[in-house]
Amino acid sequence: MSPALPPEDAFAGPFPLASLDGPEPFEERLERWRKELSDAIYGPLPPAPAELEVEASPLRGSPAERIEITMRSANCTRDLVVDAALWRPESRGDAPLIAGLGFAGPAGILPGPDFPLDTRARIHCGPELGVENGRLHDVLRGTESHRWPVGMLTARGYAVMVSCYGSWAPDDPDEIMTHGAYPFAGLDTGAISLWAWAIQRLLDTAELLGGIDMAQVAVAGHSRLGKAALWAAANDTRIGAVLANNSGCAGAAPAGHAVGETLDQMAAAFPHWIRPRGGAAALDQHHLIACAAPRKVYVASAEQDLWVDPAGSYLALVAASEVWPETCSWPGIEEMWTGARQTRHVALGHHLRPGGHELLPYDWQRFQEFLGEVRA
């Protein structure tokens, strides 16, 4: 059975997007885009902490290690302590790394009771799970194992590091002000920037732990955490590849494509996510994707997830591809929707899968194929 076409207005919008060409050298253009995106949408990324220490300990009955990350501010007046989990492959030598934030963090991946729950974290989860006020709860244990299939990834030779996004910056407009990276950094910025900063700190942690090939680092995120993964990749060249899954508004989906969620709607529903201070209206999300050039970017979408504008996300990736050195030939959007479903180039890739707003092993399988064979 062939996939159904989306509503006609799913392809709407004033395209093509603005050219990424400019008078200044490419690196200067990248710096300008990062600054303008920070001003127009996300707010600035905090500086790295003055000190960062890690302590690893085994988890009973699990191949994972619990990692305790302790950060200290420059004036030593405040500490920030956050947990993560690390899974290593059985193969010897330094392993490539896939890192990211999960909604329930390691407790959402591990079914057992041994990973501690951060009582101050606040996360977004559906009321059907019976979790009150976004608090981590035992009922969430193991519920996200499909979103982070660590067995699949370690079997392919990857190390995997995951932390709970709500421990770094509570996903609540009030709680974010009193716990996590916001008061630690002492900087008025949005949660997407704070979650991107958290991803950077996971890479710092990997460097300190050792056994990780920092020349082969990928980050991944779903939904709001896909936005954060793209913004982290735009600002940190240690990230060699990024998977943005169903990232939508302020992620891969351009504001100029009049489908799905808008920045105004997002800001009304989640006022703590962004900190617009004015900026160039000419910028759109293809500039964000282009900030990762010439590294690898993979944008994944789902055909029923029209709120995050899968068609616009694909078109933004196509528009961004002009700054990569390889010449890319892309299927048209109608062909992508009805026929091709997936396309990969040297450094850019995309797929459109059946279904709705989720991160699934299907998405991971295609991301692994895009990354290619692990170098021993």
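**View 1. Strand 10 and its partners.** In strand 10, Val299 has His350 as its bridge partner. The model is predicted: local features need pLDDT of at least 70, side-chain atom pairs count only at pLDDT 80 or more, and totals for chains, interfaces and linings use all residues. Residues are numbered from 1 along each chain as its sequence is written, and side-chain values use heavy atoms, with hydrogens and water left out. Strands (E, at least two residues) and helices (H or I, at least four) are DSSP runs, numbered from the N terminus. Two strands pair if DSSP finds at least two bridges between them. Strand 8 (residues 296-302) runs parallel to strand 10, with 6 bridges joining the two. Strand 9 (residues 342-344) pairs with strand 10 in the antiparallel sense, over 3 bridges. Here Thr343 stands opposite His350. A hairpin of 3 residues joins strand 9 to strand 10.

**View 2. The two faces of strand 10.** Leu348, His350 and Leu352 point one way from strand 10. Gly349, His351 and Arg353 point the other way. All of these residues are buried. Buried means under 20% relative accessible area, exposed over 50%, and partly exposed in between (1.4 Å probe, protein chains only). Because 6 of the 6 residues of strand 10 (residues 348-353) are buried, this strand is largely enclosed by the rest of the structure.

**View 3. Strand 5 between its partners.** Which strands pair with strand 5? Strand 3 (residues 79-87) runs antiparallel to strand 5 and is joined to it by 4 bridges. Leu86 has Met161 of strand 5 as its bridge partner. Strand 4 (residues 95-102) pairs with strand 5 in the parallel sense, over 6 bridges. Ala99 stands opposite Met161.

**View 4. The two faces of strand 5.** Ala159, Met161 and Ser163 point one way from strand 5. Val160, Val162 and Cys164 point the other way. Both sets are buried. With 6 of its 6 residues (residues 159-164) buried, strand 5 is therefore largely enclosed by the rest of the structure.

View 5. Thr154 is found in helix 3 (residues 150-155). Is Thr154 buried or exposed? Thr154 counts as buried, because its relative accessibility is 19%. Contact means heavy atoms within 4.5 Å. Leaving aside neighbours within four places in sequence, Thr154 is in contact with Trp87, Arg88, Pro89 and Val160. Val160 is one of the buried residues of strand 5.

**View 6. Ala40 beside Pro276.** Ala40 has its place in helix 1 (residues 26-42). Ala40 counts as partly exposed, because its relative accessibility is 25%. The C-alpha atoms of Ala40 and Pro276 are separated by 4.7 Å. Along the chain, these two residues are 236 residues apart.

**View 7. The setting of the close-ups.** The protein has 12 helices and 10 strands. Along its principal axes, the C-alpha trace spans about 50 × 45 × 45 Å. Buried residues make up 56% of the 376 residues. Among contacts with a separation of 6 or more, 72% come from residues 24 or more positions apart.
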